[in-house]
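Subject: Structure for you to look at

Dear colleague,

I am passing on a structure that I have been reading through, and I would be glad if you kept it open beside this message. My notes on what was found follow below it.

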Amino acid sequence: MLVKRLFCSYAKALNRLQRAPSASKHTSSDYNDVAPFECRFLVRNFSIDANHPPDDGQKPVTTVSLYHMKKIIKASGTVLGESVEGPTCIQTVCPVCHVVPGDAEGKPISDAIRRKIFVNKTTGNFTCSSCQYLGRWDHIEKFFPPTSRTPKTVQELRKLRDAFLELKGEHVSTVCPIPGDAIAVDTVERAREVIKFLSLENIIPDTLVSVKARWNEDKRELFIPLVDVEDRAIGYKTLHVGSDGEVFERTVPETNASGLIYLRCNPSNPVAKAKDLSQHNAILVLNVLDLLALGSVKLNATGVCLPHGLKALPQQCLPGLERFQRLTLWFNYDTAGWDTARNYAKKLDERRCLFVRPTDQHPTPFRALLEGTLEPKAILSKAQPILHQSITTFRSLRQDVLSDLQNIDKVQGVKWKRYPTLNKLLKGHRKGELTVLTGPTGCGKTTFMSDYSLDLAQQGVSTLWGSFEIRNTRLAVTLLRQMVGRPLDENLSEFEQWADAFERLPIYFMTFHGQQPIKIVMEAIEHAQYVHDIQHVIIDNLQFMMGVLDESKHLDRYWKQDAIIAAFRTFATKRNCHVTLVIHPRKERDTDELTTSSIFGGAKASQEADNVLIIQDKRLTSVRGKKYLQVAKNRYSGDLGIMPLDFDKASLSYAQRKKKPDGDDGGSNEGPAGSEQIDRTVRRAF
């Protein structure tokens, strides 16, 4: 019956697919990672921005049993052969490509035609090595042999298999090849010419030949291919020199690239017959310049350049790193690079990861090569593992303390561009913290939070929006209008241009609406953080998760809220992700100012929060009443104060206006001394 229901659902989806218009006309290179089969049968608890295709489509992280997957794969070993379990994936032969239900079971498969799949041990996603198709475990689980099947079941499975292969085949050729007018850098002489033009005299020409680089003479642009686990080029990185002489790097495709760049470093003693460790040790860097710098160092290891740097590490890249037993993460020596390294290590299996500590004495490979003050090999020898420990000492924390002191601006977090006053008070937006925002009904909490999060997203902070009160379409309209600064309904000719720009922002949306259980919401958030490296989660608002807890009839309402806040607090700390909770206040008199005690529920919300922001709205109780944001708690620096909120209806934004130049009476609410007035307002709050 289960198979019959699955078949019916698949048949209905195929009918919809045949009736639906072709989407190829509207598909760009950014959508190449979307698997057609999985998009049609997508069942998930949240959706994502169009520029960030659903590269996974799997159920939340905690719903896939590793034991169950290993049991099924192991049982099929008599037909598919022995599987290989790696640090992050289980490698086996694809049961769909090579096994026809009822016919091929029990027949040996030659190694020449084997197509491997890599099953992620955390999410259950599988990646096909031949076409980089990414699908869900429950889509392929039923095809693993051997099973006792009736003739009717076998016939249904054959139809499912044919539909699966047909849709899967449409995804095979979705690659981004290097432009054909680029010539191969296959000689040392040509590599020297390229290096001279790019002003990279410290780079050894052989490294460009090793990475199979290509050069466009007319555009003066260098192309380095990104290869998959089968060593096929599926994308590329480009290097070009800007007008100021700085080298710029770009990745194609811009999101969810599944390829890596490999460079075998020169061993210190190539004549010796020692064991070749380059096949087992890898050094992970974020950009091409650092990778090329590693080629100039005598190391018995393989350099690997990640496709998207600090932005994200797609699941499709993990199979390409399975063969390495030790990974050394050598990222930018700032707090952002350090935090990203720790998040990436959880994906890659912390037990095999080493870290180069981010201090001034440990610069990135290219910078170390330029400065020449410290040998890169000496820096690499100081890499240390970070394992989860219950007890530590100051000696273990010493380098972390030094890194924080040397990078004090980065430790303070990402600065807001729209709210300079918040930078003075909160210092910045930091990972791993919990922020609570409250304010009276109708004061503009959602509008302010969308403007607040858009500012951070435009600076690269990956954001997951969970709006339980309003539809995602309406929220997206608000965000787009705040980014443009004026109503687009009056300028529809500009919509495509601004929509394309908005798609490039790392903003994701959960599809929940109304009351939802905390367990389902947390599964979706954990899934998004793992797959898309989310750095900021917004929940608007908390009350929508309080009415449907398990055994809700027997639980106190305050206890339920405390349990939800504890779950978000644990997630923020464990996953190093900033969480912002919007909570309604208690019903109080309009004439009274809200305080931390006004937050609905018990005291746990204000106690657990690192920051408490309160929107005070006095426009209805006073003739000259104003609306302002009050920082009522600031655990990082302790600075408290207020920020005036002047609403601009055209842009739906509270962004603080810049001071007008002398003689310009453009109607600004701040006047010539706007910044000084804000500073005095802040000081009065102390």
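At roughly what angle do the axes of helix H18 and helix H19 cross, and within what distance do they come? Please bear in mind, before the answer, that this is a predicted model. The axes of H18, which covers residues 472-484, and of H19, which covers residues 495-503, cross at roughly 105° and come within 11 Å. Angles from 65 to 115 degrees count as roughly perpendicular, and H18 and H19 are therefore roughly perpendicular to each other. On the H18 side the contact is made by Leu479, Leu480, Met483 and Val484, and on the H19 side by Phe495, Trp498, Ala501 and Phe502. Sorted by class, this contact of H18 with H19 has eight nonpolar residues, with no polar and no charged ones.

Helix H20 (residues 518-532) packs with helix H21 (residues 557-575) at an angle of about 10°, and their axes are 11 Å apart. Because angles under 35 degrees count as roughly parallel, H20 is described as roughly parallel to H21, and the crossing of the two helices is right-handed. From H20, the residues Ile518, Met522, Ile525, Glu526 and Gln529 meet Ile564, Ala567, Phe568, Phe571 and Arg575 from H21. By class, the contact of H20 with H21 has seven nonpolar residues, one polar residue and two charged residues.

In helix H8, which runs over residues 188-197, the buried residues are Ala191, Val194 and Ile195. Viewed down the axis of H8, these buried residues fall within an arc of 100°, so they line one face of the helix. On the other side of H8, Glu189, Glu193 and Lys196 are exposed. The cover over the buried residues of H8 includes helix H9 (205-210), together with strand S8 (214-216) and strand S9 (221-227). Just after H8, Ser199 takes a positive phi of about 60°.

Ile90 has its place in strand S3, residues 89-93, and Ile90 is buried, with a relative accessible area of 3%. Although Ile90 and Pro319 are 229 residues apart along the chain, their C-alpha atoms are separated by 9.2 Å. If residues up to four places away in sequence are not counted, those that Ile90 touches include Leu66, Ile73, Val84, Ile117, Phe118 and Val119, as well as Lys70 and Lys121.

The other residue is Lys237, in strand S10 (residues 233-241). Is Lys237 buried or exposed? Lys237 is buried, with a relative accessible area of 2%. From C-alpha to C-alpha, Lys237 and Glu254 are 9.7 Å apart in space, while in sequence they are 17 residues apart. Leaving aside neighbours within four places in sequence, Lys237 is in contact with residues including Leu222, Phe223, Ile224, Glu249, Arg250 and Cys305.

Finally, here is the chain as a whole. The protein chain has 23 helices and 25 strands, and buried residues make up 51% of its 686 residues. Of the contacts in the chain with a separation of 6 or more, 69% are accounted for by residues 24 or more positions apart.

With kind regards

Terms used:
Residues are numbered from 1 along each chain as its sequence is written. This is a predicted model: local features need pLDDT of at least 70, side-chain atom pairs count only at pLDDT 80 or more; totals for chains, interfaces and linings use all residues. Side-chain values use heavy atoms; hydrogens and water are left out. Buried means under 20% relative accessible area, exposed over 50%, partly exposed in between (1.4 Å probe, protein chains only). Helices (H or I, at least four residues) and strands (E, at least two) are DSSP runs, numbered from the N terminus. The arc is that of the directions from the helix axis to the C-beta atoms. Contact means heavy atoms within 4.5 Å. Axes are lines fitted to C-alpha atoms, for helices over the stretch in contact, and angles run from 0 to 180 degrees between N-to-C directions. Angles under 35 degrees count as roughly parallel, over 145 as roughly antiparallel, 65 to 115 as roughly perpendicular and the rest as oblique. A crossing is left-handed if the near helix is turned anticlockwise from the far one by less than a right angle, and right-handed if clockwise. Ala, Val, Leu, Ile, Met, Phe, Trp, Tyr, Cys and Pro count as nonpolar, Asp, Glu, Lys and Arg as charged, and the others, Gly among them, as polar.
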